[in-house]
Amino acid sequence: TQESPFVVEAKRLLMHGGWITVGNVLAPVMANLDRLLLAQIVPLGKIINYSTPMEMISRLWIIPGGVTRIYFPKFAATKKADELLLTFKSAYLIMAILILPIAVLGLTLMNSILTVWISPEFAGESSLIARIILIGVVINSFNWITYGYLQSSDKVAWSIYTVFLELPLFLVFFYWMTSGYGLLGAAAVWTGRMIFDFILTH
């Protein structure tokens with residue numbers, strides 16, 4: 001017998017919610033995986049030169065978080081391709097206006113910021129690492145918009161598939177680059193994952 005529209009809709013909602021739940025579980029794991037791995041590869045005393053810039057710069061994610069929450073209902077309500085394209089362009093424009101000036105200042109003044117905030121010695125060891133991380137955070141900020149769209153549509157599973165594709169590559173390259181190039185290698189691989197993630201979802 002044919003299922004009632006209520007049952008069909010309930011199954012669709014449960015499936016959609018299930019994928020979002022999986023994503024919400026994986027997100028904090030992926031967000032902290034780099035620091036967990038670092039603890040196994042480099043001396044614990046050195047990790048602060050990576051974790052401190054990461055904690056500072058990742059606060060910028062409050063910007064894409066706010067933009068994505070604004071555009072989520074718009075993505076959910078938009079059905080036509082031309083309207084969807086305009087919505088994406090609008091979201092990207094707002095994201096660029098909000099985050100790119102901060103990124104330029106950060107890249108330019110990172111050494112001075114870390115010198116004033118912590119110490120000249122710390123800035124000397126961590127400013128390049130921080131700049132690399134900042135590039136990754138900015139690129140990933142634009143990808144929040146794409147993930148907002150995926151979670152508002154029937155393509156939500158794709159946001160999970162990308163994680164399963166990226167994870168083994170990230171583990172291999174992170175260990176290899178960190179073992180060979182230390183914290184700079186770790187930062188480069190982390191930002192590389194942000195770039196790869198952006199490419200996969202566009």
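**Exercise 1. Classify arginine 59 and glutamate 55 in this predicted model as buried, partly exposed or exposed.**

Solution. Step 1: arginine 59 has a relative accessibility of 58%. The cut-off for exposed is over 50%, so arginine 59 counts as exposed. Step 2: glutamate 55 has a relative accessible area of 34%. Buried requires under 20%, and partly exposed lies between the two cut-offs; glutamate 55 is therefore partly exposed.

**Exercise 2. Describe the pairing of glutamate 166 with arginine 193, state whether each is buried or exposed, and find the pocket they line.**

Solution. Step 1: the closest N and O atoms of glutamate 166 and arginine 193 are 3.2 Å apart, and the two residues form a salt bridge. Step 2: glutamate 166 has 2% relative accessibility and so counts as buried. Arginine 193, with a relative accessible area of 13%, is buried because its value is under 20%. Step 3: Glu166 and Arg193 are among the residues lining the second largest pocket, which also include Leu169, Phe170, Phe173 and Met177. Step 4: this pocket holds about 170 Å³ of space. Its lining divides into 6 nonpolar, 1 polar and 2 charged residues.

**Exercise 3. Characterise the largest pocket by volume, lining and contributing helices.**

Solution. Step 1: the space in the largest pocket is about 810 Å³. Step 2: 30 residues line the largest pocket, and Gly23, Ala27, Asn140, Trp144 and Tyr147 are the closest to its centre. Step 3: at least two lining residues come from each of helix 1 (5-41), helix 2 (44-57), helix 3 (62-77), helix 5 (120-152) and helix 6 (158-200). Step 4: by class, the lining of the largest pocket comprises 14 nonpolar, 9 polar and 7 charged residues.

Notes
Residues numbered from 1 in each chain as written. Predicted model: local features only at pLDDT ≥ 70, side-chain atom pairs only at ≥ 80, totals over all residues. Heavy atoms only, no water. Buried < 20%, exposed > 50% of the residue type's maximum accessible area, 1.4 Å probe, protein only. Salt bridge = Lys/Arg side-chain N within 4 Å of Asp/Glu carboxyl O. 1 Å grid on protein atoms, 1.4 Å probe; cavity = no way out; pocket = protein on both sides within 12 Å on 5 of 7 lines; lining within 4 Å. Points joined across faces, edges and corners; volume = space filled by probe spheres on them. Helix = DSSP H or I, 4+ residues; strand = E, 2+ residues; numbered from the N terminus. Nonpolar A, V, L, I, M, F, W, Y, C, P; charged D, E, K, R; others polar.
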